[in-house]
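Hi,

Here is the structure I promised to pass on. Have a look at it first, and then read my notes below.

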Amino acid sequence: MSNPRNNDRLLHIATLGRTVGLHGDMKLHLFTDFPEQFRPGTTFYTKDRTPLTLAEVRPDKSVVRLEGVTTPEAAKRFTNTKLYTTYGRTREECSLEEGQYFWFDLVGSRVEEAGETLGKILEIERIGHLDYFVVKTDETLLKQGLPKQFLLPYEPHFIVAVDAETHTVHARGARDILEAS
């Protein structure tokens, strides 16, 4: 599913939080299923592609320290800074098991049930412990008065198959969810 042109696109994977302690440590709020990406010496980027390198990582406490930052005052300027990596680096560094996909590869995929196109995946949200596809309803179904979008649980009961080549997700029970939305 990878598109070489997307490999340099930025992917938000964490946000720096409040300062902790006396040496410029900061809370790290993850937005990834791959915490192993966070290790000393790894460089991430801000939205404007400014590089930030991790000097220290304490995963047990969700705390990091940036290179060159040694005081709480210096760290405070990075509070709420989003950390990004690239799609390409994520593909290189993060291992998926058979049948698993990166969220960014599923976004834009068509959702079909019994040969009918129900819509396209706009984004994926994690609500509690479940992931949900946010599906924008197909135009033909909108004309029938169905909702503009609906949430489809990303679990085996509803997702029959994913065809990476055609960017298609084959679903079961999705039409019922759409009609009940």
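Before the notes, one term: a salt bridge here is a side-chain nitrogen of Lys or Arg within 4 Å of a carboxyl oxygen of Asp or Glu. Keep in mind too that this is a predicted model.

The structure holds eleven salt bridges, and I'll go through a few other pairs.

Take Arg126 and Asp33: they form a salt bridge, with their closest N and O atoms 2.8 Å apart. Arg126 sits in strand S8, while Asp33 is in the loop between strand S2 (25-30) and strand S3 (43-45), so this pair ties together parts that are 93 residues apart in sequence. Both ends are partly exposed: Arg126 has 40% relative accessibility, and Asp33 has a relative accessible area of 45%.

Next come Asp105 and Arg91, where the closest N and O atoms of the salt bridge are 2.5 Å apart. This pair links distant parts of the chain, as Asp105 belongs to helix H3 and Arg91 to helix H2, 14 residues apart. Asp105 counts as buried at 11% relative accessibility, whereas Arg91, at 22%, counts as partly exposed.

Then there is a pair within one helix. Arg175 forms a salt bridge with Glu179, and their closest N and O atoms are 2.7 Å apart. The two are four residues apart in helix H5 (residues 174-180), so about one helical turn separates them. Arg175 is buried at 19% relative accessibility, and Glu179 is partly exposed at 44%.

Now for the largest pocket. How big is the volume of the largest pocket? About 780 Å³. Its lining is made up of 27 residues, and Leu11, Phe31, Thr32, Trp103 and Phe104 are the ones nearest the centre. By type, the lining residues divide into 16 nonpolar, six polar and five charged. Strand S1 (10-20), helix H2 (87-93), helix H3 (103-106) and strand S8 (116-127) each supply at least two residues of that lining.

Last, have a look at Thr70. Where is Thr70 found? In the loop between strand S5 (63-66) and helix H1 (72-76). Is Thr70 buried or exposed? Thr70 is exposed, because its relative accessible area is 53% and exposed means over 50%. Leaving aside neighbours within four places in sequence, Thr70 is in contact with Leu22, His23 and Gly24. Thr70 and Val135, meanwhile, are 65 residues apart in sequence and 45 Å apart in space, C-alpha to C-alpha.

Cheers

Notes:
Residues are numbered from 1 along each chain as its sequence is written. This is a predicted model: local features need pLDDT of at least 70, side-chain atom pairs count only at pLDDT 80 or more; totals for chains, interfaces and linings use all residues. Side-chain values use heavy atoms; hydrogens and water are left out. Buried means under 20% relative accessible area, exposed over 50%, partly exposed in between (1.4 Å probe, protein chains only). Contact means heavy atoms within 4.5 Å. On a 1 Å grid over the protein atoms alone, a cavity is a set of points where a 1.4 Å probe fits but cannot get out, and a pocket is an open set with protein on both sides within 12 Å along at least five of seven lines; lining residues have an atom within 4 Å of a point. Grid points are joined across faces, edges and corners, and a volume is the space filled by probe spheres set on the points. Ala, Val, Leu, Ile, Met, Phe, Trp, Tyr, Cys and Pro count as nonpolar, Asp, Glu, Lys and Arg as charged, and the others, Gly among them, as polar.
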